[in-house]
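This report covers helix packing and sheet arrangement in one structure. Please view the sequence and the model below before reading on.

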Amino acid sequence: MFTDLEKETLVKINKIDNILKERKEDKLSNYNKDIIHEKQMAFHRCQKKNRWVFGGNRSGKTECGAVETVWWARGIHPYRENRKNVSGWVVSVSYEVQREVAQLKVLSYLKKEWIENIVMQSGKKDSAEYGIIDYIVVRNVFGGLSKIGFKSIDQGREKFQGASLDFVWFDEEPPEDIYEECRMRVLDRKGEIWGTMTPLKGLTWVYDEIYLNKHNSSEVWHEEMEWADNPYLDKNEVAELSSSLTEDSINSRRFGKFNVECGLVYPEFQESIHVIEPFDVPFDWQDTFSIDPGLNNPLSCHFYATDYDGNVYVVGEWYERGRDIDYHTKKIFELAKRLNWHYDSAGRLRGIIDSASTQRTLQSMKSVAELFYDNGILLNTKVNKDVFTGISRVKEYLKNNKLFIFRTCPNMIREIKSYWWKDGDSVRKVDDHAMDDLRYYIMSKPKELVTTYEKNDIDKDMERLIKRARSRNGR
């Protein structure tokens, strides 16, 4: 006979066993309840057609890639318009890696009754997890059949031709030629690509095309995941792993960051913190704009605002190469109008510009600054161009979370992520035009901004709005 306490304990044990059994049998249904973390949810919700997760080992990146695959195949994606007969590929670096990682993850989220058929490359269908799967036929909730195919990078580009697909999932980084081929495969069905990878190969094409998004594609999105984002990793295990890795390994294997030769100039920059959604900037916050001029090189112009606490906001961007001053002036005025920017009493815009703009050329007989003035823009050319001091000041703003960039300034964001040291205290003079105009502006600010302004209710409401904008960054 059992005592009442023993009976109560047995009931609890049975309940736990049933829960564990249910989770094992239907892991997908419990994904939202138990497993998912915030950055995984951001990945699933994002509506871009080219989504990538750069994550450390065991950060949860492969998990969300597998769930996305099964949601598509089953026709049950909670954040998309679902399709009936879906065809897609899961691409791994090799068949061995496929067997050990991607196919196991996909199988773990597929209930047996959802599987119509499994076609093997090697091994037996009734123990598919131990062999190499060619494709899985999945019963779609709309009554159709979906096909999840498995591909290996070492097959070469030719094996990726010809198919018409709804999706491609890259589990780890593919070569650029296979990536481009897969983009063609999803074109006619208006399909999607997603990738989950740990950046271990340095500054490859993924760094330029996806992380920096150098072409400013409206369909490219990325997220970084690290161990701390996964609430199910043991803290002691994290500490032990961290202590055994080099700094470079920690950057990639824990934080999912690209390792940059000689080091980033601004490692303090965190996109999830320093990039925010635009908001209507109060008139009193409007400060000035800063220009780094260029003709063959891009002309970079950014509008800056400062709140009562000394926080700096990069709120507007004009960035283009190969244009004359008349054209740039027109575009800067158009941007100022969209931002409802202030003018001086003479109806001119006022800003700052690189002091090199005072040099005259034989072609025009006027300096760049004078040409801007003729077009209604008055520019202060007395800027402090000391590179090392300017960089140090920008780093202070970033470190103290006092610099925020509107998401509508993609070139500023791209440059700050790809700005690195060359040797010693010199920086690589490549793609740094926005970095120059940022430095000119920050150097124009006082070293310490003392606020004596007493905030009223309107200002406090605006602070709450800013906090929401910082958190509502689509990450």
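## Helices α14 and α15

Helix α14 (residues 410-417) and helix α15 have axes that come within 8 Å and cross at roughly 95°. The two helices are therefore roughly perpendicular (65 to 115 degrees). Axes are lines fitted to C-alpha atoms, for helices over the stretch in contact, and angles run from 0 to 180 degrees between N-to-C directions. Helices (H or I, at least four residues) and strands (E, at least two) are DSSP runs, numbered from the N terminus.

N411, M412, E415 and I416 of α14 make the contact (heavy atoms within 4.5 Å) with H433, A434, M435, D437 and L438 of α15. By class, this contact has 5 nonpolar, 2 polar and 2 charged residues.

## Basis of the model

The model is predicted: local features need pLDDT of at least 70, side-chain atom pairs count only at pLDDT 80 or more, and totals for chains, interfaces and linings use all residues. Residues are numbered from 1 along each chain as its sequence is written, and side-chain values use heavy atoms, leaving out hydrogens and water.

## The sheet

An open sheet of 7 strands has the order β9-β15-β12-β11-β10-β13-β14, with mixed pairing; strands pair if DSSP finds at least two bridges between them. At the edges, β9 (275-276) and β14 (377-380) each pair on one side only. Strands β10 (residues 286-292) and β11 (residues 299-306) run antiparallel and are joined by 6 bridges. S300 in β11 is the bridge partner of D292.

Helix α15 (residues 433-444) packs on this sheet, touching β10, β11, β12, β13 and β15 (403-406). The direction of α15 makes about 135° with that of β10.

Key
Angles under 35 degrees count as roughly parallel, over 145 as roughly antiparallel, 65 to 115 as roughly perpendicular and the rest as oblique. Ala, Val, Leu, Ile, Met, Phe, Trp, Tyr, Cys and Pro count as nonpolar, Asp, Glu, Lys and Arg as charged, and the others, Gly among them, as polar.
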